[in-house]
Amino acid sequence: MTYKQQINTDKLPSHVAIIMDGNGRWAQQHGKERIYGHQHGVQAVHDVTEAAAELGLGYLTLYAFSTENWNRPQPEIDALMVLLVQTIENETPTLNKNNVRLLTIGNLERLPEQTKIRLQRCIDATSKNTGLSLVLAISYSARWEITKAMTDIAKMASYGGVKPEDIDEEFVARQLSTRNIPDPDLLIRTSGELRISNFLLWQIAYTELYFTDIYWPDFTKEEFYKAIVSYQHRQRRFGKTNEQQQQ
Ligand code: IPE
Ligand code: IPE
Ligand code: MG
């Protein structure tokens, strides 16, 4: 039986987040430059987005470029920025065909001006779609996001717009860039690294984690289904006992 056939469509995660890692090592394995790996990662992005839309998931968040990735060699950064915007532009008709809405999280102010403009055009072109929300994390890190939320709250407090007793978990969550997006049910990381690398630290408090050794360019729809099947075999307890969960 394929993994796809094993999926229980009544128990789908509503939000899957992915740390797409291993492009550089995939390229090395093929005796090529790192950018060759990034280029091949685009097919996996296409396939997984299509799979998520076909399954009827609500949200797919892809970690495309982290705050720390700004420390990579400038030629790699430049190539990634070009690839990012070209891919999104090429994919926009397919996104529209599949009723996918594009969203972004991250510090977009750091992006080159043209990248920002072209990205915003694609966001606008898909904004009326009602199916899957594809959330691209670009120039994103969880510590950046949490620090920004704190400065925003401090500003509101200094204007008298917020009091300490107003601040609860829902309030904090609303100050993050993921406001209106449910927390991920499942987080996938490819390439065998067992770390979070500053991704969605607040939001993954109760997320199920799935790690695979497969490099991102080799990640197929079937690998995605495999992760979902693994998720569906987990028992999520949220601090309660087994017995309570079964009630
Ligand atoms: C992930 O692949 C893509 C980005 C971080 C942009 P890497 O470029 O990190 O590939 P490895 O980890 O060096 O193999
Ligand atoms: C995490 O991958 C960021 C993205 C996938 C965009 P990295 O390859 O940058 O992570 P580290 O530095 O190895 O932890
Ligand atoms: Mg990496």
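These questions and answers concern a predicted model of one protein chain.

Reader: Which helices and strands does the protein chain have, by number?
Author: There are nine helices and six strands. The C-alpha atoms fill a box of roughly 55 × 50 × 35 Å along the principal axes.

Reader: How much of the protein chain is buried?
Author: Buried residues make up 45% of the 247 residues. The accessible surface comes to about 13,100 Å². Carbon and sulfur atoms hold 49% of that surface.

Reader: Why is Asn98 called partly exposed?
Author: Its relative accessibility is 26%. Buried means under 20%, and exposed means over 50%. The value of 26% falls in between, so Asn98 counts as partly exposed.

Reader: Where does Asn98 lie?
Author: Asn98 is in the loop between helix H4 (74–97) and strand E3 (101–105).

Reader: How do you know what Asn98 touches?
Author: A contact needs heavy atoms within 4.5 Å. Leaving out residues up to four places away in sequence, Asn98 touches Glu50 and Ala53.

Reader: What share of contacts joins residues 24 or more positions apart?
Author: Such pairs account for 77% of the contacts with a separation of 6 or more.

Reader: How far apart are the centres of the positive and negative side chains?
Author: The centres lie 1 Å apart, for 27 positive and 30 negative side chains.

Methods
Residues numbered from 1 in each chain as written. Chains lettered and ligands numbered in written order. Predicted model: local features only at pLDDT ≥ 70, side-chain atom pairs only at ≥ 80, totals over all residues. Heavy atoms only, no water. Helix = DSSP H or I, 4+ residues; strand = E, 2+ residues; numbered from the N terminus. Buried < 20%, exposed > 50% of the residue type's maximum accessible area, 1.4 Å probe, protein only. Areas by Shrake-Rupley, 256 points an atom, 1.4 Å probe, with all protein chains shown as cover. Lys, Arg positive; Asp, Glu negative; His and termini not counted. Charge placed at Lys NZ, Arg CZ, Asp CG, Glu CD.
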